[in-house]
Amino acid sequence: MTMQETTETHRLETPASVSADAHPLDLATLYERFKRPLHSYIYRLLGSQEDADDLTQEVFLRAHVVWHDLHDHDHLSSWLYRLATNGCIDLLRRRKRLAWWPLTRRHRSSGPGGADSDEDAAYLPLESGGIPEIFEREHIRLTLASMPPEYASALVLSAAQGLPYQAIAVILDISPGAAATRISRAKRLFAEQYQRLDPAGLGKPEEE
Amino acid sequence: MNHDPELPPIPAAGDAGSQGCAVVGLYLALLDDLSPEQVQAVFRHLAVCAHCTQELQRLRRTTRLVASLPASEPSPQVDQAILAALAAHREEQVPPRTRPFLSPGRRKRQARLRFLGQLAAAAVLVLAVLTGIHLLSLAPPGAGSVFALPAHLSWSGSVVYHSETRLAADGTPYQIETYHDLGTGRMHVETVMDDRVDVVAVGDEQVMLGKDMRHHVAQWGAAAWSVDDSALDLAHLRQGLQTKSAVYLGSGRFEGQEVYRIRYRNGLVLLLDMQYNPVNLLRGVDGSGPGEPIYAVFKLMPVSQVPASMWDMRIPVGFHLGTLPQKP
């Protein structure tokens, strides 16, 4: 059915369409085509425009360096995403080691059982000051940052980049089944962590 | 990919044991990636399993939150550095050994150096090109092109599902999830706010039944709980393009795919994919920004994928006629 095909086209950066006309000098085309999705992906994971700029640059320069040795032009999208993922995971691990990332700043100590019992209460009320969208965005970023990087990246690839699990499997170089499991766990982990990191616990005041 | 041998089979509808739910849970997290057959099998299970239905809401909310992180793009100097490096290579036909442009502040950063060490520096070459830039003709996409909807285009047979978050007068966010049959105009609109409001409105332009799912109250004439989805009315769009009240803005990129952009008179910009099927609706498109999608989730599916019960306009057993709550 045409609609189904359309949906899939919508969701997957079809590498085939790139490879069809991608001869060695078309890296600029490749860049124009993928700079936004890749930068968005990195920015969503790292939460910093500067880091996203650096890593995007790194990915494409790396692509540039190995371009002529690259025979598998059929999976360019996956390959670029893989470079970006590895870069992000490295950086996120480094951040965790350095522990300067302000993960704990809003950490609310909640009982082990209380954190995930009510998943609907985690929206930020206006009283927390400022613009709710901005606070929510930061809340989402903190939640992602609190997750193991492998899970955070799988989650962003699926939920924000809109890639199907089969494509994510290729990017992460794991089996489709393993990718499915990882995405599924990542979503649940996010839901728990999002609740736990609820700023100041304002989302569910009556439950202590 | 109707069946992935890597995934366990979807349990039969009656199998709502914890084992069955565990397997369904895996599929719930991947709902957007499944074939219509798989989705149907999952929905058959959901119909008899409150636990998994709740889990689906939880997972959808996660997806919605993560998907709400905005898109971004490289800063202009990154564009410049990369295109310069590529152009340098193109001109000279030398092996690609270039050094990227880095701002002085960033150049200090350790993390970069590790990688940059791998790139032999040919800064002079890059600079030469940077100063004499005649990079690439990157004409704005769509500029000067003529746009017309194919005469045979039809969205009948498709249901669009979209979900958006709105803010009530007091700032409380609430969700509106809509199923809209683009062929018949039938709508199924669910409005949910925390644990306060859960109203489902089903119907079309003529008649709409509203159901207060929390209090089991139904009311006819619930058009107020519907949404204005006229942007997705193909006849409306055709007419708009004809009368110039809808204007083609050229193509662009949205979440990694190429789209046609059409601005309605009310300022909203409809995105169509290259097959002229709707992709999303943007607000705030102007000179200063690319706009933001109104719908966190936007999905087209065949009518057959949506259970018929979605359009059921009978008053459910246990509901009585009354007045719906105040709309947020």
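Helices α3(A) and α7(A) cross with right-handed geometry, meaning that the near helix is turned clockwise from the far one by less than a right angle. This is a predicted model: local features need pLDDT of at least 70, side-chain atom pairs count only at pLDDT 80 or more, and totals for chains, interfaces and linings use all residues. Residues are numbered from 1 along each chain as its sequence is written, while chains are lettered from A and ligands numbered from 1 in the order in which they are written.

Take the crossing in detail. Helix α3 of chain A spans residues 27-46, helix α7 of chain A residues 149-160, and their axes come within 10 Å, crossing at roughly 130 degrees. Angles under 35 degrees count as roughly parallel, over 145 as roughly antiparallel, 65 to 115 as roughly perpendicular and the rest as oblique. α3(A) and α7(A) are therefore oblique to each other. From α3(A), A:Tyr41, A:Arg44 and A:Leu45 meet A:Ala152, A:Ser153, A:Val156 and A:Ala160 of α7(A); contact requires C-beta atoms, placed from the backbone, within 7 Å.

Now the whole chain. Chain A has nine helices and zero strands; helices are DSSP runs of H or I with at least four residues, strands runs of E with at least two.

How far can the model be trusted? pLDDT is the predictor's confidence in each residue, from 0 to 100. Its mean over chain A is 73, and 63% of residues reach 70 or more. Among the elements of chain A, α7(A) has the highest mean pLDDT (96) and helix α1 (residues 2-11) the lowest (37). Where pLDDT is low, the predicted coordinates should not be read in detail.

Technical notes:
Axes fitted to C-alpha atoms, helices over the stretch in contact; angles between N-to-C directions. Contact = placed C-beta atoms within 7 Å.
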